[in-house]
Structures are given as structure tokens and as C-alpha cells.
Amino acid sequence: MTPSIVIKNATILTMDDDGRELVGDILIEGGVITRIEKGIFAPNARIVQADGCLVTPGLVNTHHHLYQTLTRAVPGGQDALLFGWLKTLYPIWSRFGPEEMYVSASIGLAELALSGCTLTSDHLYLYPNGSRLDDTIAAAQDIGMRFHPTRGAMSIGESKGGLPPDSLVEDEVAILEDCIRVVDEFHDPSEGSMVRVGIAPCSPFSVSRDLMKDAALLARDKGVMLHTHLAENDEDIAYSLETFGCRPGQYAEDLGWTGPDVWHAHCVKLDGSEIEMFAHSRTGVAHCPCSNCRLGSGIAPLREMRDAGVPVGLGVDGSASNDAGNLIAEARQAMLLQRVAKGADAMSAREAMWIATRGGAEVLGRHDCGWLGVGQRADIAIWDMNGVEAAGSWDMAAILLAGPMQAKHVFVEGRQVVADGIVTTIDLPDMISRQNQLALALMD
């Protein structure tokens with residue numbers, strides 16, 4: 001059991017239902033917040049001083065491709081649109097194996113932790129050379145991140161009119177069998193769970209209609225969530241209209257891919273009727289503003305989705321399309337893009353932080369995370385407001401306006417994962433060296 005901890009003298013942005021902003025202490029016992037008040041005395045607890053710091057819930061990342069941290073800034077893909085970008089990278093990814101998956105996931109998770117993230121999803125949809133979802137789960141367990149991996153898949157290769165090369169697609173029966181295996185082996189639905197597994201065919205243009213239907217049936221039989229990419233850019237919409245005779249949102253609904261147990265990545269091109277459908281069905285969206293900018297996909301209708309009542313969280317997306325994995329920076333980008341599109345009053349710093357914490361937790365079905373209160377899991381980020389980024393700031397809680405962009409301390413289930421800006425649970429310099437060696441080998 002993790003030791004008791006008291007975080008002392010903090011400014012606390014709770015993200016609770018009342019939007020409380022408090023000054024005081026937080027007591028953590030057994031991985032859970034047990035008290036929030038001034039002057040807590042716990043004689044056997046470790047003290048973490050938070051004078052001049054902002055304390056927030058740990059940030060929640062609802063969409064990532066952790067394996068892509070091994071292929072940042074690849075020439076040929078730097079200035080391409082989505083489909084051309086994928087065609088550049090598929091041949092490189094086909095050379096990955098278990099070590100590449102583990103090391104790249106470790107780097108991506110460390111990067112997220114340093115940006116204040118405590119809970120992340122991951123969408124792994126290709127499994128070359130013996131790779132398995134188990135490789136990324138092992139990385140999350142080693143670093144101590146709360147994890148929601150999804151068993152992705154591609155089944156339609158180039159020979160059948162799909163986008164990925166045939167070497168990266170799988171037989172659909174084998175896909176479903178492995179979905180059953182990973183759910184049975186790793187999924188933990190209990191409160192405070194460190195691993196929950198989802199089922200996630202990659203996209204409507206890389207799997208069959210039958211697999212989408214079967215995946216939905218399987219997920220609901222197993223009581224797990226569903227995830228895929230949807231309506232990411234104009235090419236995506238054109239493909240859906242030409243191939244399926246309808247827009248992506250309608251295609252998703254026809255296949256059983258709407259509801260509170262479903263969340264879709266991107267949704268940049270949802271129209272008004274699709275937004276209404278998602279709001280009515282409580283279908284979640286992972287908004288990935290930096291990747292959408294990087295690939296020229298557009299500005300997602302975040303304001304419209306929020307106003308309609310669509311559950312929305314943030315995602316950094318893959319590090320090959322971002323090319324970073326900083327979630328606090330993603331929240332700032334989300335806020336700024338809505339202001340570019342709608343005006344300076346379109347989204348406040350506090351609302352964007354709500355999306356990055358409480359919003360993401362709700363999209364992932366985690367009501368035990370995403371806000372700070374008695375009985376909640378102790379997933380906490382502490383931000384030092386004494387540094388140069390926040391010097392002169394009049395409002396610590398408006399962190400997205402002034403910074404900082406890296407957390408000082410991060411706790412997951414009461415365990416310290418980041419201390420004084422350093423990842424404590426793995427040898428990160430050694431992991432970076434391994435990552436660079438693997439990248440060099442892939443360049444040959």
C-alpha cells in the first residue's frame with residue numbers, strides 16, 4: 001500500500017460539480033483522497049509542500065498512438081495530409097516488433113506524465129512481427145500510469161481497396177479472438193482500476209462493416225468500451241459518402257457505434273445533425289487539436305459539441321502526427337483554436353482545463369478520476385507557479401494562459417510518478433537512449 005501523503009498549503013482547482021477553488025491541504029491514504037481542508041495533521045504521513053503551487057486533477061488523455069513516438073518528424077510525412085501521411089509511415093511501422101512497442105510506449109507515457117497526465121487511453125491498431133497489446137500494458141504498469149488501452153485492428157489491405165499494406169492487416173476472426181483474450185486477461189472494471197481495455201477497429205476505411213458490427217456486439221457482451229477514428233478530415237467524409245452512401249456519423253449509428261460506451265477520435269467534420277445525434281446518445285469525442293492542425297484537417301466544432309452536450313475530452317493523438325505528447329499544451333491549443341474560430345470569449349482557460357480533466361474522465365467512463373474530492377482516486381498534478389512562465393500571473397487557476405507547461409509533481413493512485421520534474425519510476429535517460437537506437441535502426 002502507498003504511504004499516506006499530505007499536500008500542504010496548495011491552491012486547489014477541484015473541477016468538482018460546484019467548480020470550487022480552494023486553499024488548503026489534501027490528505028491521501030491508500031491511493032484515495034480522504035480529506036481536503038486547512039491545517040491537516042497526520043503524524044505518519046509524508047509532507048509535500050505546495051506553497052506557491054497550483055494543484056489540479058491529473059489530466060486525462062482520451063486518444064493516443066503511443067507506438068508513434070518512435071517515428072516523429074519523418075521526412076516525407078512532415079507536410080502530408082492524413083492519407084499521404086499514413087502511406088509514408090505504414091512501411092516503417094511494419095518493421096516494428098515487441099521491443100519497439102514497449103520502448104515507444106514507455107517514452108510516450110513518460111512524456112504524458114511530465115505534462116500532468118495520470119490517465120491515458122491508447123489506440124494500438126497494428127501488430128507486426130509478434131507485437132501484442134501486452135507490450136504497451138507492460139510499459140504502463142512499469143511507469144505507473146492509469147491506462148485504458150484499446151485493441152485496435154485493420155483488416156482491409158491495399159489488395160482489397162484499403163489504405164494499409166496487406167502486411168499490416170489481420171484476419172477478422174483472429175482479431176476478435178485476440179480482443180477476447182486481452183479483455184479477459186487485463187480488463188478490470190472495478191473502481192480505482194489501473195487497466196481497462198477497449199475494442200477499437202482502426203477506422204471505417206481499414207476494416208469491414210462486419211467487423212465493426214461484430215466488435216460492437218463483442219464489446220457490449222464483455223462490458224467494455226468502443227473506440228475508433230471518425231470524420232477526421234474532408235478525405236474521410238468523401239470516402240464515407242462514396243463507399244457507404246452516408247456521412248460518418250450515420251454510418252456509426254447504423255452499426256451500433258453510438259452510445260455512452262463509445263468514443264470517437266477527432267470528429268473534425270461532424271455536421272449539426274451528427275452533433276445532435278452524439279449529444280442525444282451521449283457518444284463521446286476525443287478532440288485532438290494539435291494533430292488536426294499538424295495534418296491540416298481543420299478546427300473541430302468543439303464549441304458546438306460542448307453547447308449541445310456532447311461528452312468531450314482531449315487527446316494528443318500519435319506523436320507522429322503531433323509531433324508531441326504534452327497534454328497541458330493540448331488543452332491550451334484547444335482553447336486558442338476555439339478563440340480563433342469563434343472569438344476571444346469562445347472558451348475560457350478554466351473550461352479547457354475542465355475538458356482536459358473531468359471531461360476526459362467522463363468520456364472514458366471514469367467517474368472515480370478527473371476531479372479532486374473526498375473519496376476520489378489520488379491522481380494529482382502539482383504545478384510550480386514560482387517559475388519564469390507564471391511570473392506576474394494574477395490568476396494561478398488560469399494556468400493555460402500563462403503556464404507552466406510541465407508539472408512539478410504527479411501522483412497516480414497516490415504513488416509519485418514525477419518528482420521535481422523528473423520521472424521517478426523508470427530510468428528515462430536509458431529509455432531515451434534505447435528509443436534513439438531503435439530509430440536509427442529503422443532509418444537504415
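These are my notebook entries on what I looked up in this structure.

**Ground rules.** I am working with a predicted model, in which local features need pLDDT of at least 70 and side-chain atom pairs count only at pLDDT 80 or more, while totals for chains, interfaces and linings use all residues. Residues are numbered from 1 along each chain as its sequence is written, and side-chain values use heavy atoms, with hydrogens and water left out.

**Confidence.** I began with pLDDT, the predictor's confidence in each residue on a scale from 0 to 100. The chain has a mean pLDDT of 96, and 100% of its residues reach 70 or more. I then went through the elements, where helices (H or I, at least four residues) and strands (E, at least two) are DSSP runs numbered from the N terminus. The lowest mean pLDDT among them, 91, belongs to helix α1 (residues 82-93), and the highest, 99, to strand β6 (residues 59-61).

**Pocket.** Grid points are joined across faces, edges and corners, and a volume is the space filled by probe spheres set on the points. The largest pocket holds about 200 Å³ of space. Its lining includes the run Leu70, Thr71, Arg72, Ala73, Val74 and Pro75, together with Ile92, Ala439, Leu442 and Met443. Helix α14 (residues 428-443) supplies the largest share of that lining, three residues. I sorted the lining by class (Ala, Val, Leu, Ile, Met, Phe, Trp, Tyr, Cys and Pro as nonpolar, Asp, Glu, Lys and Arg as charged, and the others, Gly among them, as polar), and found eight nonpolar residues, one polar and one charged.

**Cavity.** I found one cavity of 30 Å³ or more, and the largest cavity has a volume of about 140 Å³. It is lined by 17 residues, of which Leu82, Trp85, Leu86, His229 and Glu232 are the closest to its centre. Helix α1 gives the most to this lining, with four residues. By class, the cavity lining has eight nonpolar, seven polar and two charged residues.

**Helix packing.** For helix pairs, axes are lines fitted to C-alpha atoms over the stretch in contact, and angles run from 0 to 180 degrees between N-to-C directions.

I then turned to helix α4 (residues 172-186), which packs with helix α5 (residues 209-222) at about 20°, with axes 11 Å apart. The two are therefore roughly parallel. Helix α3 (residues 133-143) and α4 pack at about 25°, with their axes 11 Å apart, and this makes α3 roughly parallel to α4.

Lastly I checked the backbone, and noted a cis peptide bond between Asn322 and Asp323, with omega about 0°. Asp323 sits in the loop between β13 (312-314) and α11 (327-342). Another cis peptide bond joins Gly403 and Pro404, with omega about 10°, and Pro404 lies in the loop between α13 (399-402) and β15 (409-412). I also noted Asn9, in strand β1 (residues 5-13), which has a positive phi of about 60° although it is not a glycine.

Notes: 1 Å grid on protein atoms, 1.4 Å probe; cavity = no way out; pocket = protein on both sides within 12 Å on 5 of 7 lines; lining within 4 Å. Parallel < 35°, antiparallel > 145°, perpendicular 65-115°, else oblique.
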